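Open the model in your viewer and keep the selection panel at hand. Let's take a short walk through it together.

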Amino acid sequence: MKITSVDIIRSFKEPSIPAEVAVGNVPWHPVFVRVNTDDGISGLGEVGVAYGNAQSAGFGMAVDFAKCIIGLDPMNNEQIWDRLHRLTFWGMGNGGVIMAGISGIDIALWDIRGKALDAPVWKLLGGKTNTRLRAYASQLQFDWGKVSHSLAKPEEYAEAMRKAMADGFDAVKVDPVGFDKNGVWMGRSSRGILQRDQMKLAVDRVAAMREAGPDVDIIIELHALTDATTSVQLGRELQKLGCFYYEEPTQPLNAPLFREIHDKVDIPIATGERVYTRWGYRPFFEDHSINIIQPDLCNVGGITEGKKICDQAHVYDIGVQVHCCGGPVSASAALQLEAVIPNFVIHELHASALIEDNIRLCKNDYVAKGGYFEVPDAPGIGQELTDYALQNAEIVTVR
């Protein structure tokens with residue numbers, strides 16, 4: 001079997017972006033990679049930069065890397081991964097866009113392998129350790145439902161909690177500092193020292209959620225909007241509310257500061273969506289600065305690298321919550337890996353997954369029932385693009 005062509009697909013091409021295809025008013029452009037073979041089997045992957053002003057770069061990176069794999073055997077995913085990582089020169093420096101391009105191709109290769117062998121990827125990775133995957137409702141500062149918008153008042157956060165609970169979730173995630181009192185994202189700096197009114201608003205939001213859901217696990221998301229000082233300030237208050245874990249409390253590549261926060265705040269510490277490859281995770285493992293890793297399979301290096309990172313984390317008694325904030329391909333790939341690893345903790349169901357136009361991109365809409373996911377049994381990652389996705393996309397084919 002040989003790779004004959006690669007399609008790079010950017011969803012919701014400019015200039016006509018549907019207004020609802022946004023999360024918190026951030027434009028949403030999932031980028032997919034479809035690797036085609038001379039056996040007629042195609043594999044689907046995703047480049048993990050659906051948001052945050054990197055879609056064009058991720059799209060271009062996938063185009064460049066696609067040129068490096070034409071004519072190769074798609075079953076040799078380790079060889080192709082090493083080729084992209086080492087022989088393209090820039091690959092060894094890691095970084096979000098570089099690794100997102102490698103990830104999209106790698107996931108597509110695993111999808112081909114599963115289809116060729118008529119097996120789901122989880123079976124090829126070692127079989128199921130986890131038959132059902134607990135999930136949480138993610139990013140409740142954007143509310144919870146088909147329409148995403150900013151929340152400001154504590155009572156709005158409590159209502160979002162109630163909506164998630166009504167959908168069967170007993171775990172949620174929220175960023176209590178991202179929106180200011182007027183609902184403006186990053187409308188006020190959360191670094192340096194938190195002022196009293198700023199601290200009170202963040203704590204009141206979480207306290208309102210705790211009152212609405214006394215038995216719900218609450219994950220605190222900080223998006224590295226805080227620094228070591230302010231995250232310790234906030235964490236010491238929030239730990240009184242019994243939080244599940246504390247995500248990205250400072251700059252995501254600064255392991256020594258994570259160690260400092262870990263020592264001062266009595267909440268488990270998590271990070272990883274902006275950490276790339278085994279080499280990026282190494283300092284966090286070695287200094288025991290985090291308790292949960294959150295690798296995004298669409299930018300950490302794909303399934304090939306993601307499995308190695310999770311296995312390495314297991315050596316250090318570190319749990320795994322795969323980061324899912326992209327299109328349906330990202331979520332499908334995550335379910336495959338999470339089914340296998342013994343250190344799985346919980347699956348992220350992002351608010352973006354509820355947006356109708358995002359759902360319409362792929363043929364299979366895997367949903368949580370009672371707060372749990374069943375693992376798909378279809379060959380490969382169990383996902384295909386729809387005609388709607390292809391008709392509303394910018395597509396470049398590399399041959």
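The tour goes from the whole chain to a helix pair and then to a pocket.

Before you select anything, note that this is a predicted model, where local features need pLDDT of at least 70 and side-chain atom pairs count only at pLDDT 80 or more, while totals for chains, interfaces and linings use all residues. Residues are numbered from 1 along each chain as its sequence is written, and side-chain values use heavy atoms, with hydrogens and water left out.

**Whole chain.** Show the cartoon: the chain has 13 helices and 15 strands (DSSP runs numbered from the N terminus, H or I of at least four residues for helices, E of at least two for strands). The radius of gyration is 20 Å, close to the 21 Å that the globule rule gives for 399 residues, so the chain is as compact as a globular protein of that length (taken over C-alpha atoms; the rule is 2.2 Å times the number of residues to the power 0.38).

**Helix pair.** Next, select 96-117 and 302-315, which are α3 and α10; their axes come within 6 Å and cross at roughly 95° (lines fitted to C-alpha atoms over the stretch in contact, with angles from 0 to 180 degrees between N-to-C directions). That makes α3 roughly perpendicular to α10 (65 to 115 degrees). Show side chains for Ser 103, Asp 106, Ile 107 and Trp 110 of α3, which make the contact with Gly 302, Ile 303 and Thr 304 of α10 (heavy atoms within 4.5 Å).

**Second largest pocket.** Finally, centre on Leu 349, Ala 353, Asp 365, Tyr 366 and Phe 373, which lie nearest the centre of this pocket among its 29 lining residues. Colour α11 (328-338), β13 (347-350) and α12 (356-359): each supplies at least two lining residues, and α11 gives the largest share, five. A pocket here is an open set of points on a 1 Å grid over the protein atoms alone, where a 1.4 Å probe fits, with protein on both sides within 12 Å along at least five of seven lines; lining residues have an atom within 4 Å of a point.

Methods
Parallel < 35°, antiparallel > 145°, perpendicular 65-115°, else oblique.
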